[in-house]
Amino acid sequence: MQFVDEATIDVRAGNGGHGCLSFRREKYVEFGGPDGGDGGAGGHVYVRADGNLNTLVDYRYERSYKARNGEPGKGRQMTGKSADDVFLKVPVGTTVVDVDTDEVLADLTADGETVMVAKGGRGGLGNVHFKSSVNQAPRKTTNGIPGEARRLRLELKVLADVGLLGMPNAGKSTLIRAISAAKPKVADYPFTTLVPNLGVVKVDRHRSFVVADIPGLIEGAAEGAGLGIRFLKHLARTRLLLHVVDIAPLDGEPADQIDAIADELDRFSPALAEQERWLVFNKIDLLPDQEAEERVNEIVGELGWQGPVFRLSAAAGVGCEELTYALMNAIEERRRREEEDPEYAAEQRGLRDRLEAEAREKIQEIKRVNRAARDNDGDDDDDDDHEVEIVYER
């Protein structure tokens with residue numbers, strides 16, 4: 001199945017049915033008077049989050065959705081039938097944006113959460129409503145009100161507590177395999193990961209969190225180098241970032257690579273760069289214990305790093321348990337503090353809102369540049385489709 005994380009669709013609610021012009025006609029009833037009924041209401045269009053979906057791929061093939069119109073009124077004061085509403089199902093984590101106004105209509109983060117995106121028109125009035133003492137036979141009716149029409153952009157961002165980032169081949173996929181049930185592809189060449197992978201990490205029986213692995217970044221990603229930065233938006237909902245570093249890369253210095261990734265984060269979204277970030281030095285089994293420790297201390301000192309630092313070997317499983325417990329404790333502390341401290345909770349919401357806005361603006365800028373490049377090359381291919389599906393592996 002293809003993984004699609006963004007789609008643009010057109011929705012139109014149904015029009016209201018027209019009111020009916022009718023007069024009562026029965027034997028022995030000479031002046032029956034008006035009896036035209038009202039028109040039925042047009043159908044609304046809703047978007048609903050569905051936990052069983054993992055991709056927006058259906059909306060890449062069918063892009064127009066319309067609710068039915070309400071039926072017109074009938075004689076004998078019969079109201080026309082109202083149209084059924086239309087429900088569009090999307091994955092949990094989808095943001096609904098009005099393309100024309102750039103207004104965020106909803107952020108669907110819970111299964112079953114629903115938002116009306118186009119309101120159906122109200123039915124018109126039949127002539128029975130216009131009868132009066134001076135107008136016993138009115139010939140006036142009203143038409144149904146047109147339904148709303150909108151162009152929507154559906155943006156899917158994965159729901160994860162922890163996000164992994166780093167250079168290609170830093171060992172992010174190996175790490176997510178080691179600490180969760182997810183089984184992303186692992187190989188000894190760069191850019192093995194092409195789309196985000198998710199895994200549920202079970203620390204204890206009733207304690208777990210979700211970790212997301214996104215494709216690796218390289219210097220110049222903001223200009224489209226490598227896989228670019230289009231997947232960075234999937235880190236918008238995370239509470240914590242794990243910066244995975246190869247302690248002994250084949251090319252380049254770890255400190256320089258860490259700085260390069262930090263620069264790319266800041267260029268993508270200053271709010272994302274402000275997110276709490278931990279350094280995780282991977283592949284320590286490739287060096288003797290003493291040399292690995294000295295190497296880590298040297299890099300940390302060179303960077304002037306003040307945050308948490310972890311040393312592990314994802315392939316050998318060394319240090320993974322310590323990391324997962326530390327992450328679980330930090331996430332629970334964040335949740336507790338947000339519940340107990342309204343000021344801190346508001347600060348975190350503000351940071352997430354700013355991050356979402358910056359990510360959306362940057363991604364749209366990238367898409368405009370890519371679209372212009374494709375138009376110039378005469379290439380109609382869409383780079384949003386990838387032959388995988390995001391699945392929460394439990």
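1. In what sense do strand S2 (residues 45-50) and S7 pair, and over how many bridges? They pair in the antiparallel sense, over 4 bridges. Strands here are DSSP runs (E, at least two residues), helices likewise (H or I, at least four), numbered from the N terminus. Two strands pair if DSSP finds at least two bridges between them. Tyr-46 stands opposite Met-116 in S7.

2. Basis of the note. This is a predicted model: local features need pLDDT of at least 70, side-chain atom pairs count only at pLDDT 80 or more, and totals for chains, interfaces and linings use all residues. Residues are numbered from 1 along each chain as its sequence is written, and side-chain values use heavy atoms, with hydrogens and water left out.

3. The sheet is open and has 3 strands, in the order S4-S2-S7, with mixed pairing. Strand S4 (86-91) and strand S7 (114-118) each have a single partner strand, so one side of each lacks a neighbour in the sheet.

4. The second largest pocket holds about 510 Å³ of space. A pocket is an open set of points on a 1 Å grid over the protein atoms alone, where a 1.4 Å probe fits, with protein on both sides within 12 Å along at least five of seven lines; lining residues have an atom within 4 Å of a point. Grid points are joined across faces, edges and corners, and the volume is the space filled by probe spheres set on them.

5. Lining of the second largest pocket: 17 residues, with Asp-107, Thr-109, Leu-159, Arg-237 and Arg-352 closest to the centre. Helix H7 (342-377) and strand S6 (104-108) each give two or more residues. H7 gives the most, with 5.
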